[in-house]
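Here are my notes on this model, point by point. Please keep the structure open beside them as you read.

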Amino acid sequence: SKYQPGRRSPDWRKIKLTNTQDCVILGWTPGQGGRSGTFGALLVGAYDEGKLIWIGQVGTGFTRATRDRVLEALEPLKRSTRPSDDPELAKVKGATFVEPTLVCEVEYLEITKSTKKMRAPSFKGLREDKAPDESVLEHGLAGLRNQLRGRPDRDNPAVAQDHDRIAKRRDFLHHVRAEEEAFAAAPQFA
């Protein structure tokens with residue numbers, strides 16, 4: 001498609017590749033402003049090499065009804081100590097901690113290598129069908145790339161065993177590559 005300076009065109013599309021992670025809810029931060037009386041963000045974790053670690057906080061993706069439902073489920077699970085010995089979790093101001101028994105699904109862009117925290121997380125819902133110990137830290141697209149190259153992600157059995165999801169992403173990546181090749185071969189760019 002032809003570039004049109006200063007104009008948006010339906011010919012160009014931004015495709016954002018996202019990942020999902022089942023997370024154990026570790027607690028919440030207090031809501032402020034319009035969210036006072038409820039939580040601002042959920043503190044979530046996952047198991048990495050058998051240890052429960054804090055992988056970030058999720059403050060978007062909630063409707064008012066969902067927020068109320070989640071808070072109602074968390075209230076009876078309050079505890080005075082943090083559920084993970086992760087030292088970073090201790091630094092969260094005003095946090096209320098809970099027993100790590102509820103699991104939720106979170107969509108995110110990536111998990112940073114240095115801090116193992118999710119970038120741009122968004123709440124997708126509670127996972128009543130999952131046990132907390134099934135919330136194993138996924139390695140996102142890095143693990144997928146290893147799978148596509150024939151190198152299993154040995155650090156993460158959940159990624160290594162999820163053949164259906166990997167196949168779908170592989171097909172999508174092949175489709176994107178084919179589109180790029182067709183674009184590059186178009187007569188106006190040859």
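1. **A lysine to start from.** Lys78 counts as partly exposed, at 45% relative accessibility. Its side chain meets that of Glu75 in a salt bridge, with N and O 3.0 Å apart. Glu75 is partly exposed too, with a relative accessible area of 36%. Keep in mind that this is a predicted model.

2. **The overall layout.** The protein chain has four helices and nine strands. Read from the N terminus, the order is β-β-β-α-β-β-β-β-β-β-α-α-α.

3. How much of the protein chain counts as buried? The figure is 36% of its 190 residues. The accessible surface comes to about 11800 Å². Carbon and sulfur atoms make up 49% of that surface.

4. **Cysteines without a bond.** How many disulfides are there? The count comes to zero. Cys23 is in no disulfide, and its nearest cysteine sulfur, that of Cys104, is 5.1 Å away. The cut-off is 2.5 Å between the sulfur atoms. Cys23 is buried, at 0% relative accessibility. Cys104 is buried as well, at 1%.

5. A search of the whole structure finds two aromatic pairs. One of them joins Phe39 and Phe62 and is edge-to-face. The centres are 5.1 Å apart, and the planes stand at 80°. Phe39 lies in strand E2 (residues 39–48), while Phe62 lies in the loop between strand E3 (51–58) and helix H1 (64–74). The pair therefore ties together parts that are 23 residues apart in sequence. Phe39 is buried, with a relative accessible area of 0%. Phe62 is buried, with a relative accessible area of 13%.

6. **The other ring pair.** Is the pair of Phe62 and Phe123 stacked or edge-to-face? The ring centres are 4.4 Å apart and the planes are at 20°, so this pair is stacked. Phe62 sits in the loop between E3 and H1, and Phe123 in strand E9 (residues 122–126). That links distant parts of the chain, 61 residues apart. Both Phe62 and Phe123 are buried.

7. **One cluster, and a charge above a ring.** Phe39, Phe62 and Phe123 form one aromatic cluster. Which residue lies over the face of Phe39? It is Arg67, at 4.7 Å from the ring centre.

8. **A salt bridge across the chain.** Side chains of opposite charge can pair when their charged atoms come close. The whole structure holds twelve salt bridges. One of them joins Lys116 and Asp48, at 2.5 Å from N to O. Lys116 lies in the loop between strand E7 (110–111) and strand E8 (118–119), and Asp48 lies in strand E2, so the pair ties together parts 68 residues apart in sequence. Asp48 counts as buried, at 11% relative accessibility.

9. **A second bridge between distant parts.** Lys51 forms a salt bridge with Asp85. Their closest N and O atoms are 3.9 Å apart. Lys51 is in strand E3, and Asp85 is in the loop between strand E4 (78–79) and strand E5 (96–98). The two residues are 34 positions apart, and the pair links distant parts of the chain. Lys51 is partly exposed, with a relative accessible area of 44%.

10. **A network.** Which residues are linked in a network of salt bridges? They are Asp22, Arg127, Asp129 and Lys130.

Notes
Residues are numbered from 1 along each chain as its sequence is written. This is a predicted model: local features need pLDDT of at least 70, side-chain atom pairs count only at pLDDT 80 or more; totals for chains, interfaces and linings use all residues. Side-chain values use heavy atoms; hydrogens and water are left out. Buried means under 20% relative accessible area, exposed over 50%, partly exposed in between (1.4 Å probe, protein chains only). Accessible areas come from the Shrake-Rupley method with a 1.4 Å probe; for residues, only the protein chains shown count as cover. Rings of Phe, Tyr and Trp (its six-membered ring) pair if their centres lie within 6.5 Å; planes under 30 degrees apart count as stacked, over 60 as edge-to-face and the rest as tilted. A charge sits over a ring if NZ of Lys or CZ of Arg is within 6 Å of the ring centre and within 35 degrees of the ring normal. A salt bridge is a side-chain nitrogen of Lys or Arg within 4 Å of a carboxyl oxygen of Asp or Glu.
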